[in-house]
Amino acid sequence: MKRKIIEVSTDTNIGGAGKCLIALLENFDYSKFAVKVILPPDSLLKSHIELLGIEVIEVPGIAEKSLDIKSIHSLKKIFKAEKPDLVHTHASMSARIAARHAGAKVVYTRHSVFPPSKYLTSFPGRQINGMFNNYYSDGIIAVAEAAKDNLTDTGVDASKIRVILNGVAGLKPVDKAEKQRIRDRFAIPDGDKVISIVARLEDIKGHDYFIEAASMLLRDGIKAKFMIAGTGSYESQLKAKVKRLGLEKDIIFTGFISDVDKLMSITDIQVNASYGTEATSLALLEGMSIGVPAVVSDFGGNPGVIKNGENGFVVTKQNSAALKTAIKKLLDDEALYASMSERSREIFKTVFTAETMTRNTENLYSEILERGEQNGKR
């Protein structure tokens, strides 16, 4: 008999958590699981999920909210009618509460990593947070070791937490002719290297340090274009900084691009300079899938993706000089670059595929449900 699973997302746009949900749905073993999805109205995820033949149930009031008191009743009513064996929530406390009171097993995923507040790491906040989260979950997925640390630091029982790293489908390599067309699209001169950062344009993503490192490398005579892909509230400040440095021709803002894979296919080195929030960067994984080494900060989940000296370099966060030195080392040493490129592909194939993430998630579901059945027989 198939296990009935309901996945719940509060996202209206398609961010990292949404991409992970889609990857799960694309790879589930539907001979074992029957899956439905709850979303807020007008979520951009809906069309992608329905294309997979999966029913979407829209619930007002949950959009971009972890906790909405009014929606708990609506969700509980749905769970009572659907009778799922297990509800897996992605940032919805309301759904966790409703599922628990409807009699379903509950799993939730911690998709983010950020320094917890002092209240949540000290008495009595830590104890209250721990009791609440421990009661309203049968299992917790942390997408990075750093996410697990965030949870245990705020009172969550470590025995409930399973680290399941994010996974992606991987990108398809493009041929030489297609690469040239993409380079022409972004006006990359022949012979120039491409160094990219793909992240929301927010101060905590560390673009300031990327720009400063780029400035130092360009002063050293490095022939490269530094690509900044994405949009965000910090965009105007970053553009002003580049203008002050007189580097508008060499540091290029792509804005939002729907086909980031095209940029990644011509990227020689990827950078992640986050210092305030970072779990498992999907952009890093996509780059690894086609052999793009990375230079990353030592914050959050980055060291769990990039193994220092293997598939890239891990440097001290908020340190533009360290970023510059690591990037230059990769650019200057062809043998080192080739080794790290190959190792990137190997690590991706063994650790970070969407199939691996999904199998690990399914195994957690099965363990929780089997444990519940065994306890029920006692």
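**A lysine in a helix, and what lies beyond it**

Reply: Lys241 has its place in helix H9, residues 235–245, where helices (H or I, at least four residues) and strands (E, at least two) are DSSP runs numbered from the N terminus. The model is a predicted one, in which local features need pLDDT of at least 70 and side-chain atom pairs count only at pLDDT 80 or more, while totals for chains, interfaces and linings use all residues. Residues are numbered from 1 along each chain as its sequence is written, and side-chain values use heavy atoms, with hydrogens and water left out.

Lys241 counts as buried because its relative accessibility is 13%; buried means under 20% relative accessible area, exposed over 50%, and partly exposed in between, with a 1.4 Å probe and protein chains only. Not counting residues up to four places away in sequence, Lys241 touches Asp208, Ile211 and Glu212, a contact being heavy atoms within 4.5 Å. Val305, by contrast, is 64 residues from Lys241 in sequence and 30 Å from Lys241 in space, C-alpha to C-alpha.

The packing comes next. The largest nonpolar core has 35 residues, and those with the most contacts inside it are Ile195, Phe226, Ile228, Ile251, Val295, Leu323 and Ile327; such a core is a set of buried Ala, Val, Leu, Ile, Met, Phe, Trp, Tyr and Cys residues joined through side-chain atoms within 4.5 Å. Helix H8 (residues 207–219) gives the most to this core, with seven residues. Apart from this core lies another, of 25 residues, among them Leu21, Phe28, Leu45 and Ala354. In soluble globular proteins, nonpolar side chains tend to be buried together.

Within H13, the buried residues are Ser320, Ala322, Leu323, Lys324, Ala326, Ile327, Leu330 and Leu331, and what covers them includes H8, strand E8 (193–198), strand E11 (269–272), strand E12 (294–297), strand E13 (312–315) and helix H14 (334–351).

In one of them, the side chains of Lys225 and Asp250 meet at 3.2 Å, N to O. Lys225 lies in strand E9 (residues 224–229) and Asp250 in the loop between H9 and strand E10 (251–255), so this pair ties together parts that are 25 residues apart in sequence. Lys225 counts as buried, because its relative accessibility is 9%.

Another salt bridge joins Glu55 to Lys36, with the closest N and O atoms 3.3 Å apart. Glu55 lies in the loop between helix H2 (45–50) and strand E3 (56–58) and Lys36 in strand E2 (residues 33–39), so the pair links parts that are 19 residues apart in sequence. Glu55 counts as partly exposed at 41% relative accessibility, and Lys36 counts as partly exposed at 23%.

Notes
A salt bridge is a side-chain nitrogen of Lys or Arg within 4 Å of a carboxyl oxygen of Asp or Glu.
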